Amino acid sequence: MTIYEILDELKISYEEISHKAVFTVEEANAMQEQINGVGCKNLFLTNKKGKYYIY
């Protein structure tokens, strides 16, 4: 099941916004004009077994 299917099933509204990858706080702050809400930082992690996580 995709995250979109779960949100739809739970009747949770959402808006999808695509953007280029940003690598600095300054780049992220520049995007705040286009995106409503609070900015946050995602971390892309991996463990020793090669499993990947986004936090």
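The model is a predicted one, in which local features need pLDDT of at least 70 and side-chain atom pairs count only at pLDDT 80 or more, while totals for chains, interfaces and linings use all residues. Residues are numbered from 1 along each chain as its sequence is written, and side-chain values use heavy atoms, with hydrogens and water left out.

The protein chain holds 2 helices and 2 strands, where helices (H or I, at least four residues) and strands (E, at least two) are DSSP runs numbered from the N terminus. Read along the sequence, these elements follow the pattern α-α-β-β. The radius of gyration of the protein chain is 15 Å, well over the 10 Å that the globule rule gives for 55 residues, so the chain is more spread out than a compact globule; this radius is taken over C-alpha atoms, and the rule is 2.2 Å times the number of residues to the power 0.38. Along its principal axes, the C-alpha trace spans about 35 × 35 × 15 Å. Of the 55 residues in the protein chain, 4% are buried, where buried means under 20% relative accessible area, exposed over 50%, and partly exposed in between (1.4 Å probe, protein chains only).

Leaving aside neighbours within four places in sequence, M1 is in contact (heavy atoms within 4.5 Å) with I6 and E9, whereas its C-alpha atom is separated by 27 Å from that of I35, 34 residues apart along the chain.

Which rings pair in this model? Rings of Phe, Tyr and Trp (its six-membered ring) pair if their centres lie within 6.5 Å, with planes under 30 degrees apart counting as stacked, over 60 as edge-to-face and the rest as tilted. By this rule there are 2 aromatic pairs. The rings of Y4 and Y14 have their centres 5.5 Å apart and their planes at 45 degrees, so this pair is tilted. It links distant parts of the chain, with Y4 in helix α1 and Y14, 10 residues apart from it, in the loop between α1 and α2 (25-31). Y4 is partly exposed, with a relative accessible area of 36%, and Y14 is partly exposed at 37%. The rings of F44 and Y52 have their centres 5.5 Å apart and their planes at 5 degrees, so that pair is stacked. Y52 belongs to strand β2 (residues 52-54) and, not counting residues up to four places away in sequence, touches F44, L45 and T46.
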